[in-house]
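Could you walk me through the fold of this protein, with its helix contacts and a few residues worth a look? A short report would be welcome.

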Amino acid sequence: MNIIRYKRKSNFKYRNLVTRLRIDVTKQSGRTNFSKMVKFFQDNPDVKILLCEKTDRLYRNFKDYVIIDDLDLTLIFVKEGSILNKYSKSHEKFIHGIKVLMAKNYIDNLSEETRKGMLEKAEEGEYPSYAPLGYLHDKINKKIKIDKTRAKYIKELFELYATGNYSIRQLENLMYKKGLRTRKNKKVVRSSINEILKNPFYYGYFYWSGKLYKGKHQPIISKDLFDKVQIVIHRYKNTRAQKRGFAYAGLLVCGKCGSSITAEIKKEKYIYYHCTFNKGKCDNLYIREEDLEKEFERIFKKLKFNDVILEWIKEGLKLSLKEKEEFHNSQIKRLNDEYLKLENRINQMYIDKLDGEISEEFYRKNVSIWRERQEKILKLIKEHQQANENYLNEGIKLIELANNSYEYFKSKDKIERAILIKMIMKGSKLVDGKIEPIFSPPFDIIYQMSKESQKIRVEEVMLLKTTKAGKKIISPAMSKMLPLLDNFRTYCYENKIDDIPDCLKK
């Protein structure tokens, strides 16, 4: 809030006429104390003089200007040495109006620079805001460190909830008895516990401006534990089926009406999944949980590669020195072309705005999105110029995960199976007992690679050798794999790949 302090000197001759206000320069939402000041003038019509340091301390926008103008006051700006009231000359009012514009520009620029600085901080892995419970700010080293007093309780909170045997209401009382307290030594209430359990900060990541960033702070829990907790949270949503703890509820949508897929128990022992009918009557068939799991197994089998072909694919992702140079140069050219395309689009939209064909709001909204993309493009270009090949190792881990997904699914418990499904597929459809998979990136590319790999004979890979001309012998079937390898390589380079949950590792 803006801070207003009223200062009155007993020996000030006009103390009943002059209210001295000191307005904090920081721009905050609402300007509560500005409103209090306005109300003071409205309630005390005999007070007609406003003493202020300078213009940009008083105004934040044109609305403030209109409000103050309606009060019919005499404004005294000390540092600027100016006095303004209804009797002021037109050129004085004109200069004052210019200063109001400059004040608004200053605030807008300050806000823009602040957001930019905080975004840069986030991209460097530093959390730009106040750390959550379980962490402290080291004011000397300007770092976020673990609060050893509370961190053990936070970890235990996650571990207990992950078992699925505790509700948030139960944990609220249990953790209070164990000793978990807020920074003000109060009880950590249910809403706060719910926020804690959903906060990726505790496994080393954080959200800023809607994006997930890897933080430099030390994690309290593992990503594996966090993922298990998210599955349990999903169970305890509003529907009765989810409260009963059905592992696959909410992971699919009805292929006929688009509603979610939920579950219920029949005859006290059989679990059936079906449409929630949120959009009205639907004739989609029910499916037993055992049959649903067989459907998932069928899909994961499609991601399986022959061992020999898999090794060839992994080798194909690794580029020679010349190929690396060509790849990075082609990516830089593509990114430069995209950057110029966006710049032309922004310029054209600006002309459309001047011509009145689009609104200012529409213009700002789209330009903001495109400028953000341009910033990412410049960052990617710089990364290509300073190429680091570690990104491919992470991509290969995902291929191995997809290749082993069938075995993983069969060997893991239901919570871990749900984690695997959520990672590989998103929004898949269930139609009359059959799953129509929709793979999350980059598993959609891996799936296409798997399909093409079925057309490649192992003998073709085994016979792969170098001719006298120094060129590799690649069959037509193998050549169709090359564009997919390029797409996968590009995806891995341009997207941060989250760590694979520990529960899905061998």
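**Ground rules**

This is a predicted model, in which local features need pLDDT of at least 70 and side-chain atom pairs count only at pLDDT 80 or more, while totals for chains, interfaces and linings use all residues. Residues are numbered from 1 along each chain as its sequence is written, and side-chain values use heavy atoms, with hydrogens and water left out.

**The whole protein**

Of the 506 residues, 41% are buried. Here buried means under 20% relative accessible area, exposed means over 50%, and partly exposed lies in between, using a 1.4 Å probe and protein chains only. The exposed surface comes to about 30000 Å², and carbon and sulfur atoms supply 50% of that. Such areas come from the Shrake-Rupley method with a 1.4 Å probe. Contact means heavy atoms within 4.5 Å. Among contacts between residues at least 6 apart in sequence, 61% join residues at least 24 apart.

The table gives the packing of each pair. Axes are lines fitted to C-alpha atoms, for helices over the stretch in contact, and angles run from 0 to 180 degrees between N-to-C directions.

| Helix pair | Angle | Axis separation |
|---|---|---|
| Helix 17 (443-453) and helix 20 (481-494) | about 160° | 10 Å |
| Helix 10 (289-301) and helix 16 (414-424) | about 45° | 12 Å |
| Helix 11 (307-317) and helix 20 | roughly 60° | within 10 Å |

To put words to these angles, those under 35 degrees count as roughly parallel, over 145 as roughly antiparallel, 65 to 115 as roughly perpendicular and the rest as oblique. For handedness, a crossing is left-handed if the near helix is turned anticlockwise from the far one by less than a right angle, and right-handed if clockwise. When contact residues are sorted, Ala, Val, Leu, Ile, Met, Phe, Trp, Tyr, Cys and Pro count as nonpolar, Asp, Glu, Lys and Arg as charged, and the others, Gly among them, as polar.

Let's take helix 17 and helix 20 to begin with. Their axes pack at about 160°, so the two helices are roughly antiparallel to each other. Helix 17 passes helix 20 in a left-handed crossing. On the helix 17 side, I445, I446, Q448, M449, E452 and S453 take part, and they meet M481, L484, L485, N487, F488 and Y491 of helix 20. These contact residues divide into eight nonpolar, three polar and one charged.

Helix 20 also packs against helix 11, with axes that cross at roughly 60°; the two are therefore oblique to each other. This crossing is right-handed. Helix 11 contributes W312, I313, G316 and L317, and helix 20 contributes M481, L485, F488 and R489. Sorted by type, the contact holds six nonpolar residues, one polar and one charged.

The remaining pair in the table is helix 10 and helix 16, which pack at an angle of about 45°. That makes helix 10 oblique to helix 16. Helix 10 passes helix 16 in a left-handed crossing. E289, E293, F296 and F300 of helix 10 make the contact with K414, R417, L420, I421 and I424 of helix 16. Five of the contact residues are nonpolar, none is polar and four are charged.

**Backbone details**

Which peptide bond is cis, with omega near 0°? It is the bond from P441 to P442. P442 sits in the loop between strand 15 (434-436) and helix 17.

K142 has a phi near 60°, a positive value in a residue other than glycine. K142 belongs to the loop between strand 6 (135-138) and strand 7 (143-146), and its relative accessibility of 68% counts as exposed. D432 likewise has a positive phi, near 50°. D432 lies in the loop between strand 14 (428-431) and strand 15 and is partly exposed at 32%.

**Two threonines**

Is T262 buried or exposed? At 9% relative accessibility, T262 counts as buried. T262 is in strand 11 (residues 261-266), and its C-alpha lies 7.9 Å from that of Y248, 14 residues apart in sequence.

T163 is in the loop between helix 5 (148-162) and helix 6 (168-178) and is partly exposed at 42%.

Note on methods. Helices (H or I, at least four residues) and strands (E, at least two) are DSSP runs, numbered from the N terminus.
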